[in-house]
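Me: Please take a close look at the ligand site here. Go through what surrounds the ligand, then turn to the rest of the protein.

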Amino acid sequence: MMEKEYKYLGKINSPKDLKELSQEEMNPLCAEIRECIIDTVNKNGGHLASNLGAVELSVAIHRVFDAPKDHVIFDVGHQSYTHKILTGRFDRFDTLRAQGGISGFTNRAESEYDCFGAGHSSTSVSAGLGFAEADRLSGSDAYTVVVLGDGAFTGGMIHEALNNCDRNLRLIIILNENEMSISKNIGKFAQSISNLRKKSGYFKAKRATASFVKKIPLIGKGLFTLMYRAKKALKNLMYGSNYFEDMGLYYLGPADGNNYDDVESLLKMAKNAGESVLVHLKTQKGKGYTPAEENPGEYHGVSASGKKSDTNFSLEFGKKLTAMADGDENICAITAAMSYGTGLECFKEAHKSRFFDVGIAEEHAVTFAAGLAANGKKPVVAVYSTFLQRAYDQILHDVALQNLPVVFCIDRAGFNGADGATHHGIFDVAMLSQVKNIKTYTPVSYAGLRASLESALSDNVPSAIRYPSGSECDELVKVFYTDENFADVSIKTDFSVADKPKNIIITHGRIAGECLKAEKILKDEGIDVGIVLCEYISPYASLAEEIMKRFDGFSPENIFFVEEEIRSGGFGENLSVALKNKSAFENSAYHIIAAEDAFVKQTADLTYAQASGVDFKSIAEKIREKNAK
Ligand SMILES: Cc1ncc(C[n+]2csc(CCOP(=O)(O)OP(=O)(O)O)c2C)c(N)n1
């Protein structure tokens, strides 16, 4: 339940209620929505600046169109907060991104108004085209409205979809241009959108003419449309056609996307156009909140209020890579529009010419890195685990097959609670296990991360270093690190081999912290356990060999692989097969504790780790059960 009283929002339960308000009430309503978003995001975290820019356009969509019959699709879904507030979720909006609460992205399971879920960028036009074609096939007169930012346009899928777009659809694509992705937008396409707007330069003049013409009795609206088309023809004559028109879309705009009346009239025109339309709006990212207006990149995503630590894996990675690049001019850093999130801002400052932000284009980032590597450079691709999924074929076909020394620094490995299912980093281990010549490091500490980078950049093979969000776990460092093994990328234990504990957990990454808690519970119950922590996992054959050498004589019935990823094709499955190949034991004899279901649901009571059975209590229970037999 929202604590604060709002004059309008308390009365809007669906777009129908919104339509009952007068035109004059739209500006105060937009101000109220902004207030609600700022208050909530400052508490819960979330995408602040993007949502503040998209308020007017979201309100206008729900006034002009008829959702859920008409389909409204948001690219990424990170800017859909106004849409959520207006479509029956205002009273639960205080649970935004909280455990079991409202998702920070669109989600089909959450509301019939979220007709297509997202979280990853640049899918909206393909999905919208699917909706519009389905409506045409079934004879429906529903509209499909797609909202996407100029950042999303740097993703190739958008252009693949536009290339495939039919003119005769009830499809309206709204380009929300704010000149920003998370950082300043890059690339030729962003430049050409901005040129398009600057060349036509007609915000003010157009508004004055339009309101004058529209007021002419009876013929005003028709005349306005006629004039608009004539003006467009003239513009094309003067400047040449634009990209969208070349793609077969009717182009409307540009208009000031934070001017409510302008947006509403343009959307009405788009609705009546009778063909597929692109509406070009210029908005201000962070509109209405001074810190976000002044610094939209920093305020793109805001963390939940509460204690924050000074450093984290991403920043430590950025610092170390920058320092290494000081002494090695072949090192290059590549990001797909995530220089803030992956900690590359300092590299960008220090080594501008060797820093490449390629836009939201992970596939291109990987093949571009392969090209750099093939021509003598040492490319490091910093990417979130979940977004690396986009580039599976590029890893296989362009990097691994040619055995090129590209280093993947895979951030946000494991569950990422507040962002939800679309952002978990639980597939990369299985994905990379298909790539036999890649070396995968799994540091649990900043020292381990630094050592992994040193090792990966000195090897002449493809490698991956995966680490979680947030900071290192002090307890893991205390238990597993000694003065001798501090800078090793190695297998570490919390027992001495001579002690021969009855049960052994073999694990990697952040979940080792849960294993330590499970071990404590079991030891208190008299069940003997030791933990083997692997700071590299593949090639699995080498890891298996090392494990066999050091822990000869342990029985597989008492070996438990624990991992914070999906089981299928993951660490446990691969390592048990590799161990079987070197011993007399069947791989089925080992136990694997991992996420069985890739799309597990978080609830108010259960975290993702609990729902997946990989939290400390579930780990302890599974080991206890086997010991009782
Ligand atoms: C495939 C993929 N890569 C990276 C991201 C991270 N990401 C979320 S929003 C965003 C920027 C989107 O920019 P834009 O479409 O212009 O929207 P804006 O926030 O500026 O309104 C990025 C890079 C993502 N969601 N998906």
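Reply: Start with the shell. Around the ligand, this predicted model places ten polar, eight nonpolar and four charged residues. That shell counts 22 residues, and the nearest are Ser50, His78, Ser121, Gly151 and Glu362.

The side chain of His78 brings an N or O atom to 2.7 Å from an oxygen atom of the ligand. Glu362 places a polar side-chain atom 2.7 Å from a nitrogen atom of the ligand. Ala152 takes part through its backbone: one of its N or O atoms is 2.9 Å from a ligand oxygen. Each of these pairs can be read against a cut-off of 3.5 Å for N and O atoms.

Now the cover. On its own, the ligand has 580 Å² of accessible area, and the protein covers 98% of that.

Next, the cavities, which are found with the protein atoms alone. Five cavities reach 30 Å³ or more. The largest cavity holds about 90 Å³ of space. Its lining includes Ala413 and Gly414, Thr442 and Pro443, and the run Arg466, Tyr467 and Pro468. His508, Gly509 and Arg510 also line the largest cavity, as do Glu564 and Glu565. By class, this lining splits into four nonpolar, four polar and four charged residues.

Last, the cysteines. The structure has zero disulfides. The cut-off for a disulfide is 2.5 Å between sulfur atoms. Cys165 has a relative accessible area of 13%, so it counts as buried. Cys409 is in no disulfide either; the nearest cysteine sulfur, that of Cys346, lies 13 Å from it. Cys409 is also buried, because its relative accessibility is 1%. The cut-off for buried is under 20%.

How values were computed. Residues are numbered from 1 along each chain as its sequence is written. This is a predicted model: local features need pLDDT of at least 70, side-chain atom pairs count only at pLDDT 80 or more; totals for chains, interfaces and linings use all residues. Side-chain values use heavy atoms; hydrogens and water are left out. A residue is near a molecule or strand if one of its heavy atoms lies within 4 Å of it. A polar contact is a pair of N or O atoms within 3.5 Å; within protein, one must be able to donate a hydrogen and the other to accept it, and residues adjacent in sequence count only if both atoms are side-chain atoms. Accessible areas come from the Shrake-Rupley method with a 1.4 Å probe; for residues, only the protein chains shown count as cover. Ala, Val, Leu, Ile, Met, Phe, Trp, Tyr, Cys and Pro count as nonpolar, Asp, Glu, Lys and Arg as charged, and the others, Gly among them, as polar. Buried means under 20% relative accessible area, exposed over 50%, partly exposed in between (1.4 Å probe, protein chains only). On a 1 Å grid over the protein atoms alone, a cavity is a set of points where a 1.4 Å probe fits but cannot get out, and a pocket is an open set with protein on both sides within 12 Å along at least five of seven lines; lining residues have an atom within 4 Å of a point. Grid points are joined across faces, edges and corners, and a volume is the space filled by probe spheres set on the points.
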